[in-house]
Amino acid sequence: MDLVSSVNNVQQDCNGSNGEYHYAVVEPHDEATSDHLHCYMSKTLVEFQDHLVERSEHFLGYHLNMNCKHFMALSPLLQFHVNNVGDPFVESTVGLHSKKFEIGVLDWFARLWGIGKHEYWGCITNGGSEGNFQGILQGRELLPDGILYTSQESHYSIFKAAKMYRMECKTISALNTGEINYKELSENLSQNKDKSAIINVNIGTTFKGGIDNLDLIVKVLEECGFSEDRYYIHCDAALYGLISPFLEQGPKFSFKKPIGSASVSGHKFLGCPMPCGVYMTRKKYSSPLLNQNIDYIHCVDSTISGSRNGHAPIFMWYNLNLKGYKGLKRDVRMSIRNAQYLRDRLKNIGISTMLNDMNIVVVFECPLDQSFAESWNLSHHGNMTHIVVMPHITTRMLDDFLDDLVRKRKSWYGRDNLEPPCIADEIGISNCVCVAHCKSKN
């Protein structure tokens, strides 16, 4: 079969075994048919780019900053393989790396999070989950008998880490705000005083943006009789690690408090076209059990993944230099202001909604129509959905969404006795405007 026939057959048979559309790989035959192959690939890539543009204009429900056009200036670097294998602070025989950029980014985060340049160890990861894996593993190596405590609102990577490392894990309930239930945490710690405690502290939960009060958790540990050498705190700051430090009011987290490690995503609030993140711990906590001398690369490696994306540090370095502290603080203020705008408009429409103080995650009733949710890239959890008001989201985008929601909502409710769901249990009675709670308030 010649290439033209192959391409035609691929274009006709574009459904996979699960019925979903996919872009097939076509085997090249000879130079004579290369033009047809390039035509097929160009058409496919243009179609996909158009798809990304369309989806980006309606991207509201996930923790991603879509402002990435300025990274086109770095496209010449994509002709090189850049691999930061091994320890960022140790030179390897793999000469194509960007560790000088990586250390520059790590030093910037060390200053932001209040730890001295010579007091930390860290690395740039493939995302927040990898940072969580590294932090929980670090805690387990330091406290082998430790029980992992985390709230039910924690990111799924925390529970995945507990399963991978075969750790005993206590899941603590959460308050309506999304933060951990401190009373229940205290009760669980008191019942297990004979074992050390490894605490995952959420600096912004995935769905509600709930921020665990670090100071209160430390107080609970002390009241339950845990000295600092018997607990380890990892902070999952995937989104809020680049928000919390710029808040004039509200909860703070930093290494000036007794935390062991922290993880943040680089592709979330900062913005990056590929998943990436930063993991940081105290140098004194670096476990020799995790360090390995690898002769093959002539380098020490204590990272989870080994080979690490060498382009990510350059992209993060580039963005941090463009924005700086002032630019990020401006993004934080704008996102909080736009989140408050969205909350107020939803309330005025008569929709149950919640926004935590100094937060950018607006939680409200889940749309009845799944196709509507998909068109705006909305996730859901039970009867709730949310919009994460990232720097790329403008009030115009929010107005377009709200206009569409109001139109569609008229067709969902008001007939067949169908009413909007009650989400008082999820966001609190004061935030719920369902029929039952409206009557009780009146």
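Predicted model: local features only at pLDDT ≥ 70, side-chain atom pairs only at ≥ 80, totals over all residues.

**Entry: H3 and H9**

I looked up helix H3, residues 99-112, against helix H9, residues 311-349, and found that their axes come within 8 Å and cross at roughly 30°. Because angles under 35 degrees count as roughly parallel, I wrote down H3 as roughly parallel to H9. The crossing in which H3 passes H9 is left-handed.

I then asked which residues of H3 meet H9. On the H3 side I listed Phe-101, Glu-102, Val-105, Trp-108, Phe-109, Arg-111 and Leu-112, and on the H9 side Pro-313, Ile-314, Met-316, Trp-317, Leu-320, Tyr-325 and Leu-328. Sorted by class, the residues of this contact between H3 and H9 come to 12 nonpolar and two charged, with no polar residue.

**Entry: H6 and H7**

Next I turned to helix H6, residues 182-191, and helix H7, residues 214-223, which pack at an angle of about 30° with their axes 10 Å apart. H6 and H7 are therefore roughly parallel to each other, and I recorded their crossing as right-handed. From H6 the contact takes Tyr-182, Leu-185, Ser-186 and Leu-189, while H7 brings Leu-216, Ile-217, Val-220 and Leu-221. I sorted the residues of the contact of H6 with H7 into seven nonpolar, one polar and no charged.

**Entry: H4 and H5**

For helix H4, residues 128-142, and helix H5, residues 156-164, I read a packing angle of about 45° and axes 9 Å apart. H4 and H5 are therefore oblique to each other, and the crossing of H4 and H5 is right-handed. The residues I noted in the contact are Ser-129, Asn-132, Phe-133 and Ile-136 of H4, together with Ser-157, Ile-158, Lys-160, Ala-161 and Met-164 of H5. By class, I have five nonpolar, three polar and one charged residues for the contact of H4 with H5.

H11 supplies the largest share of the lining, with three residues. By class, I divided the lining of the largest cavity into six nonpolar and two charged residues, with no polar residue among them.

Conventions
Residues numbered from 1 in each chain as written. Heavy atoms only, no water. Axes fitted to C-alpha atoms, helices over the stretch in contact; angles between N-to-C directions. Helix = DSSP H or I, 4+ residues; strand = E, 2+ residues; numbered from the N terminus. Parallel < 35°, antiparallel > 145°, perpendicular 65-115°, else oblique. Left-handed = near helix turned anticlockwise from the far one by under 90°. Contact = heavy atoms within 4.5 Å. Nonpolar A, V, L, I, M, F, W, Y, C, P; charged D, E, K, R; others polar.
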